[in-house]
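The tour goes from stop to stop, with something to select at each.

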Amino acid sequence: MTWAEWGLFAASVGGIGVLWRFARMRGKGKRVSAGIIGVSVMLGLLIVHGGVDGLKWKWAPLYVLLLVLVCGLSFGVYRSGEPEPQKKRERAGLRTVLGIAGLGYAGLSIYVGASLLPAISLDPLGGLYAVGTTSFQWIDASREETYTAERDDHREIQVRLWYPAQVSQGAAKADYGFLSVPGGQPKEAPFLLNIIAQSNRNAKAQAFPDAPLSPREEVYPVVVFAPGYGGSNFMYAAFAEELASRGYIVAGVQHPYFTLFPTRLSDGRVAGGMFDAGAAADWTQSEKLIQGILVKDVRFAIDRLERLNQGADEVGGPDGAPSFANRMDFSRLGMMGHSFGGTVAAQTMDADPRIRAGINMDGFLYGKKLHDGLDRPFMYMFTGLTDRFENMGLTEAEWGGKQTFAIPSAEEYAVMAREQAERHRLLLQNGGYNVLFPKAEHFDFSDAALYSPLLGSGNTRELHDTVNELALAFFEQHLNGRESALLQKTNTEMYSLEVVDFKK
């Protein structure tokens, strides 16, 4: 919490105290003075909070309490006559009960705002490099935008880069990401997501905006990151920044019209809404979306990154923005993704031989069925829930529950489970890695679990450390040729790793 938010809480507690004491004060002048001072302080601290942090929906319960207290004191000042002794005694108990209830309400409001909807805080980075970040928006003139009705509207994507950087002393860190849309979140964002965005209004990343690339290495390997279903690229900073601190350039792809948080396009329009929202429950529909839109987005992003490496689309110059010309090594290109993005990683790797190694973080294997498997190293991370799903181990409450899969019948669950299990077998039939995280939850594989403890397992930060360690070992071995003992068959409290032997 910021000092202005603590001031808001203090104003509420102080207002409760003043109102509790108000009726016991002797003399009209004292009551009028106390009421005016109390109202002025509460309104003043509210104004300060609004000016420093901005008004936020998560503090709405406190705003309501302040309004009640201001109205109560104002009414008391207006009716500030000397109460009769008998009425004083009769109301003393009621005042005490209301005062205790008010303090409990204020405490609960602080708990909800600060603990259940905290501002995200990313852990310090473990690598040798400071991290820079910058963004690009590129238009694919070869593809029409199918999600709009405008004529001559072509597909546009956003790519956010994290990279090893040289940072000057005293440099300010970049905004975490929610305010990448100028002027704050557009109204198109769902209400709950607006609350999350407001909670993180002043959140900072560990990266520094537009810092120059580090000169320590001539070139750096590249990892493309695909977000989960409806996710945005910045929602994986915990992984992207850590890889960048270890000497990788990480490119997070944003798919407009397929994100819960809207994307502002280069001409100022807002690409909001979740099109194809039912694709994650339908194998056929998902294949059309993945092959027809998402894989093409990623391959186009790689094309433009290669152009950037060749000196085209350059942004470097006297303003200190980073130069990427001849600094990216596309012979060491990897890809990873979460959820639907993990499936996109496998599908893009199947379609594009430039990608040398890939990781799927708990993504069901939608899209085209990979009958021939992958001929390059792939790691599939998944939760205990995913493992039990494909092995027919879920209860009816789990496979039928709205908060999990919402499958309408046992027959349909059996069909989906068999399909997922077969796709899993096909994916790694030529070799790779299965990593089971039995206690993890789906949102642990993103920053989303840091937005609220209600979204993860409670062990999110520890899991992030483990995922970062495994991902680094995987890319070091399969992109940089550095063998890692961590990629041997492993069984720990956090995860178990199975090595699937590669076919000779």
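Two rings of Phe, Tyr or Trp count as a pair if their centres lie within 6.5 Å, with the six-membered ring used for Trp. Keep in mind that this is a predicted model.

**Aromatic cluster.** Select Tyr229, Phe258, Trp283, Phe340, Phe364, Tyr366, Phe389, Trp399, Phe405 and Tyr413 and show their side chains. Ring pairs join these residues into a cluster. Across the model, the count of aromatic pairs comes to 27.

**Tyr380 and Phe382.** Select these two next. Their ring centres are 5.1 Å apart and their planes meet at 50°, so the pair is tilted. Are the two residues buried or exposed? Tyr380 and Phe382 are both buried.

**Phe389 and Phe405.** Return to two members of the cluster. Here the ring centres are 4.7 Å apart and the planes are at 45°, so this pair is tilted. Colour by secondary structure and find where each one sits. Phe389 belongs to helix α9 (residues 384-390), while Phe405 is in the loop between α10 (396-400) and α11 (410-427). The pair links distant parts of the chain, 16 residues apart.

Phe389 has a relative accessible area of 1%, so it is buried, the cut-off being under 20%. Phe405 has a relative accessible area of 25% and is partly exposed.

**Arg216 over Tyr129.** Select both. What lies over the face of Tyr129? Arg216 does, at 4.8 Å from the ring centre.

Switch to cartoon and select residues 432-437, which are strand β11, and residues 496-500, which are strand β13. These two strands pair in the antiparallel sense over 5 bridges. Pick out Tyr433 and look across: Val499 in β13 stands opposite.

Thr490 stands opposite Leu497 in β13. How many residues lie between β12 and β13 in their hairpin? The hairpin has 4 residues between the two strands.

**Confidence.** Finish by colouring by pLDDT. The protein chain has a mean pLDDT of 85, and 87% of its residues reach 70 or more. Select residues 179-186, where pLDDT stays under 50. For this stretch the model has 14 contacts beyond four places in sequence. Then select residues 315-320, where pLDDT also stays under 50. The model has 9 contacts beyond four places in sequence for residues 315-320.

Methods
Residues numbered from 1 in each chain as written. Predicted model: local features only at pLDDT ≥ 70, side-chain atom pairs only at ≥ 80, totals over all residues. Heavy atoms only, no water. Phe/Tyr/Trp six-rings, centres within 6.5 Å; stacked < 30°, edge-to-face > 60°. Buried < 20%, exposed > 50% of the residue type's maximum accessible area, 1.4 Å probe, protein only. Lys NZ or Arg CZ within 6 Å of the ring centre and 35° of its normal. pLDDT = per-residue confidence, 0-100. Contact = heavy atoms within 4.5 Å. Pairing = 2+ DSSP bridges.
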